[in-house]
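I opened the model and kept notes on what I looked up. The entries follow in the order I made them.

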Amino acid sequence: MSSAKGKGARIVALHLAVIAALFAVQFLLPAYHHGNLARIMVFASFAVGYNLLLGYTGLLSLGHAMFFAAGMYGAGLPLYYFDVGVLQAFGLGLLASFGLALSFGLLALRASGIAFLIVTLMFAQAFFLATLYFNEITLGDQGFVLSEQARTLTLGGVVMSFADPTVKYNAALLLFSCCMLGCLALVRSPIGRVWVAIRENEPRTRMLGYDTYRYKLLALVLSGVICGAAGAGYALLFAYVGSTFASIQYSIFALLWTLLGGVGTVLGPLVGAGLMFYLVDIAGDFTSSYLLVVGVVLLLLILWYPKGLLGSLRARWLPWLP
Amino acid sequence: MAALTLLETSAISKRFGGLQAVDAVDFRLEEGEIRAIIGPNGAGKTTLVSLISGRLAPSSGVITFKGEDITRLKSYQRVGRGIVYTFQVTSIFRNLSCYENVALAAQRSLAGGLGGGLFGSERAIAERVEAAIHRVNLTDRLDLLAGELAYGHQRLLEVAMGLALDPKLLILDEPTQGLSQGEIAAFCDLIRQLAKSATILIIEHNMPVVLELAERITVMDRGAIIAEGAPDEIERNPLVQSAYLGTGNA
């Protein structure tokens with residue numbers, strides 16, 4: 001048992017070290033990359049939520065943009081139209097994604113496999129079209145910008161504006177740390193063990209006495225709430241709320257970030273989101289068809305590293321990586 | 001042995017399209033016995049135990065366990081009552097370690113619901129895993145991936161998973177299939193050990209194993225029970241000889 005305990009300590013130390021490194025680099029990075037990294041951390045939080053469902057429970061969704069957007073609109077709309085505080089808005093974002101994930105899960109989890117995938121796609125499409133249909137409220141794909149005043153948090157007499165790069169960066173880091181450590185704790189808990197069992201062999205898991213439907217529902221709801229937290233965080237930190245974030249493109253992004261970094265690895269989403277972000281960024285300097293470059297890189301990756309970067313690393317050298 | 005009835009099926013039937021796989025079977029199991037079900041291929045043995053374990057829903061009939069009607073309970077709820085099924089085709093989590101395989105079973109019997117799943121104690125789980133693994137003699141393979149085990153050891157792992165669920169009724173579907181002679185002897189010893197704490201229902205084609213282990217034998221043919229009794233009675237039964245022993249299916 002001592003080896004298991006040593007392993008656990010090493011895992012916790014690694015993840016805390018990653019957070020510490022992210023905290024430290026903000027003092028070194030030039031402004032441009034500083035801002036990028038804040039964005040990457042929010043997207044990585046989104047991917048952490050996605051990965052919980054795909055990587056650990058084995059449910060493939062192409063509709064997670066709706067949870068991200070639910071969090072985004074849940075926080076953004078009250079901030080835009082009403083005089084609510086930043087924390088209340090964030091809470092409303094979480095609530096919106098929770099409600100959506102729960103009601104969606106109760107329906108969609110009756111299906112499995114390809115059928116589940118299609119249901120996620122259809123629901124997300126309906127959600128996306130709804131954001132366009134109600135464009136008098138949501139302002140559709142044009143979206144709306146949150147004022148700096150709406151994004152100012154007063155906490156214990158200290159006034160913090162999310163327009164300030166330092167506040168923005170550290171808020172993104174806090175969001176990502178919570179999502180990532182929450183994910184780590186979940187997948188290392190007995191519940192995480194059952195999720196992995198469902199991923200590996202659901203009928204067998206049922207014959208071990210588990211109501212797999214409830215476990216899948218729990219995974220879906222937690223996944224949706226984490227994605228919603230990322231969406232709410234995005235609205236608060238980057239001030240923009242628009243339909244684009246509910247589109248299929250963002251569902252696919254979540255999938256790609258996760259695949260690139262390594263499905264079923266806790267740190268994979270950060271690696272995947274970071275790489276992808278800079279891939280698009282660098283490719284965009286050379287060509288307007290940057291998505292083609294992204295596609296080629298992904299093809300090569302699937303050919304040589306089908307488990308993603310951290311997944312391959314784990315398979316070869318680091319079997320203890322969670 | 002005037003023991004208590006642990007399990008009883010009344011006129012249980014299962015129809016697959018035009019095939020009556022199990023036809024109005026009345027089956028009774030006493031607490032603490034080792035019972036074997038034998039019969040030719042397609043006799044309905046696996047279907048019957050699937051109905052008992054809840055993997056299949058019956059077309060009609062009633063199943064009671066410890067006096068309670070469990071016909072409508074889902075398979076995972078029956079596991080909670082202590083009905084544990086180990087698969088005919090080895091069904092382990094090949095990509096997980098032996099420890100994780102058994103831990104899944106252990107944590108189910110310790111914690112139960114979702115809440116327990118979140119707050120269950122890893123130490124209690126580990127203790128139960130080690131006890132179960134020790135009983136099947138796989139302690140030195142705890143950290144190996146289940147898929148890397150030799151076939152005979154995979155069967156043992158499957159039994160350990162059953163054990164960790166703390167069964168009242170352990171159903172073993174052709175457990176000695178594919179095992180060597182030496183492994184079979186060890187397996188029989190293990191089953192006798194297990195029978196001290198659980199009722200054992202075993203489907204088996206290997207007649208020497210059946211005759212050695214079973215206290216009573218139920219013979220099925222074409223979806224029905226055609227004979228039941230002590231091993232020596234069954235061996236002498238002419239119906240059984242023509243349906244099963246004589247046809248050379250064993």
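Entry 1, a glycine in a loop. I looked up G143(A) and found it in the loop between α6 (135–138) and β1 (144–145) of chain A. Helices here are DSSP runs of H or I with at least four residues, strands are runs of E with at least two, and both are numbered from the N terminus. This is a predicted model, in which local features need pLDDT of at least 70, side-chain atom pairs count only at pLDDT 80 or more, and totals for chains, interfaces and linings use all residues. Residues are numbered from 1 along each chain as its sequence is written, with chains lettered from A and ligands numbered from 1 in the order in which they are written.

Leaving out residues up to four places away in sequence, G143(A) touches Y240(A), V241(A), G242(A) and S243(A); contact requires backbone-placed C-beta atoms within 7 Å. From G143(A) to A101(A) I read 42 residues in sequence and 23 Å between C-alpha atoms.

I looked up the largest nonpolar core, which has 172 residues (buried Ala, Val, Leu, Ile, Met, Phe, Trp, Tyr and Cys joined through C-beta atoms within 7 Å). Helix α10 (residues 212–238) of chain A gives the largest share of this core, 16 residues. M72(A) is among the residues with the most contacts inside the core. Beyond four places in sequence, M72(A) contacts G93(A), G231(A), A232(A), Y234(A), A235(A), V241(A) and F245(A).

The axes of α2 (residues 31–56) and α12 (residues 268–286), both of chain A, come within 8 Å and cross at roughly 135 degrees (axes are lines fitted to C-alpha atoms over the stretch in contact, with angles from 0 to 180 degrees between N-to-C directions).

I found 19 residues from chain A and 24 residues from chain B in it. On the side of chain A that touches chain B, α8(A) gives the most, with seven residues.

Terms used. A residue is buried if 20 or more other C-beta atoms lie within 10 Å of its own, exposed if 12 or fewer, and partly exposed in between; C-beta atoms are placed from the backbone. Two residues are in contact if their C-beta atoms, placed from the backbone, lie within 7 Å.
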